[in-house]
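Hi,

Here is the structure I said I would pass on.

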Amino acid sequence: MYQINLQLQSGAPQTLTEQLYQYLKESLIKGTFKTHEKLPSKRNLAQGLQCSINTVQAAYNQLADEGYLQTREKSGYYVADLGGILKLEPKQSKEPDRGQSEESYRYNFSPQGVDHQRFPFSLWRRLSHQVITSEDTELLSISDPKGIPELRSSIARYLRSSRGVHCTDQQIIISSGTEFLMQLLIQLLSENTVYAIENPGYEKLNLLFKSNRVHYVSLPLDEHGIEVASLQASGADVLSITPSHQFPTGRIMPVTRRLQLLQWANEKSGRYILEDDYDSEFRYGGKPIPSLQGLDGQGKVIYLGAFSKSLSPALRISYMVLPEVLMEHYESDLSFYFCPVPLIEQKILHTFIERGHFERHLNRMRNLYRQKRELLVTCISSLLPFAEITGDSAGLHLLLHIHNGMKEEELIRRANQAQVQVYGLSRYYSQLPEKKGTASILLGFATVEMDEIPKAVSLLQKAWSD
């Protein structure tokens, strides 16, 4: 009989019964006991462990209930046949990667995220308390699959006044993230639909299409955006673009190119343009560029927006404006999907918009981001004379074209060694161009504090000037 060598700890977080149970269970799984082997009697084991018989009884009973032990009347406890149970060894912890992680960098010019210090925490908390304590029984019910009507109405009014979007609240679907809206759109359109995406462009889009086994083509850009000739020859049915501030180049599509794309969409039934207006609120010279959807008179533009840049990506609240024809298809075929955004968050955001807090917050953030952008441009112009800046007239990032002879990989490596995280333009290509041009680096400035910007650029100067 196997000798049970266990020291029960009376002061441990686990009870004596739990300690004995865990020890015996691990021993049984490892195969320390033989099948049908008899375990020590309750009395003998209690004496050996210096505990009560009840402690042993409880541990044995639990193991018997779970199928590890079998009881035989007036005989005792025996090891059950555990042949179908794998011998589970403790999982070896993987040696941690000693490479540089994003969290270990001193400065991170990430194009994702917002300024966390300026989120209106106290106001949001106060509004949440008001929503929850209003004894609104609707909070406990299942809301409209497209999102609560009052929030959709608030969004529709905001889009009409600020972006020139022509829509009603009935055309809006609220969801948790742009990716989920894209999933809905893929199901809404024909399975034979061919999508065209910008190259370079939003890096998750081609991954999303691949994971859904969707046929797509990557189209090159010229100085005005997507190349019309390439689009005409692509055989695409849906074009996905970011016309107001192309990601990642920062180019703004002129009205002539927008009209050309609308003409392409109007030439054939079933063609649509997917307009992702991801950071349209932030423009630093003149008024924001009106939406492409506002120029559309034939119901050819599907409009996507989110509160990720204006408030926080952590809220995971986005919306899609569908042309009326597509909304009819959605209502008949996909309205069984429930809105994944919690009802409380929808009501808080509705209140936040309706009371004017959203507009005031946007004004504050525009001023802050304008200051950050101007400081970053000034520091680059002063400390990095070999860098050409583009795409800085709008949005929360800019593009640096580096003319110092270094390749993109070396620029990133040297910046990382200097404790600065930067992002190469190549990571945003779904298909890398055959001919490599000047190395380009993406710098986001929303998450970097004002006093950090000169220090970070100074480190880049040293890293890229050697």
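His401 has Ser440 in E16 as its bridge partner. That pair belongs to a model that is predicted, so please read everything below that way. Strand E13 (residues 397-402) and strand E16 (residues 440-444) run antiparallel and are joined by five bridges.

Zooming out a bit, these two belong to an open sheet of four strands, with antiparallel pairing and the order E12-E13-E16-E15. At the edges you'll find strand E12 (387-390) and strand E15 (423-424), each of which pairs on one side only. Helix H13 (residues 408-417) lies across E13, E15 and E16, and runs at about 40 degrees to E16.

Next, the inside. The largest nonpolar core has 70 residues, and Leu400 and Trp464 touch the most other members. Helix H12 (residues 357-383) supplies the largest share of this core, nine residues. Another core, of 26 residues, lies apart from it and includes Leu185, Leu189, Leu208 and Met327. Back to Leu400: leaving out residues up to four places away in sequence, its contacts include Ile380, Leu384, Ile389, Ile441, Leu443 and Trp464. Ser440 is also one of the residues Leu400 touches.

Cheers

Terms used
Residues are numbered from 1 along each chain as its sequence is written. This is a predicted model: local features need pLDDT of at least 70, side-chain atom pairs count only at pLDDT 80 or more; totals for chains, interfaces and linings use all residues. Side-chain values use heavy atoms; hydrogens and water are left out. Two strands pair if DSSP finds at least two bridges between them. Contact means heavy atoms within 4.5 Å. Axes are lines fitted to C-alpha atoms, for helices over the stretch in contact, and angles run from 0 to 180 degrees between N-to-C directions. A nonpolar core is a set of buried Ala, Val, Leu, Ile, Met, Phe, Trp, Tyr and Cys residues joined through side-chain atoms within 4.5 Å. Buried means under 20% relative accessible area, exposed over 50%, partly exposed in between (1.4 Å probe, protein chains only).
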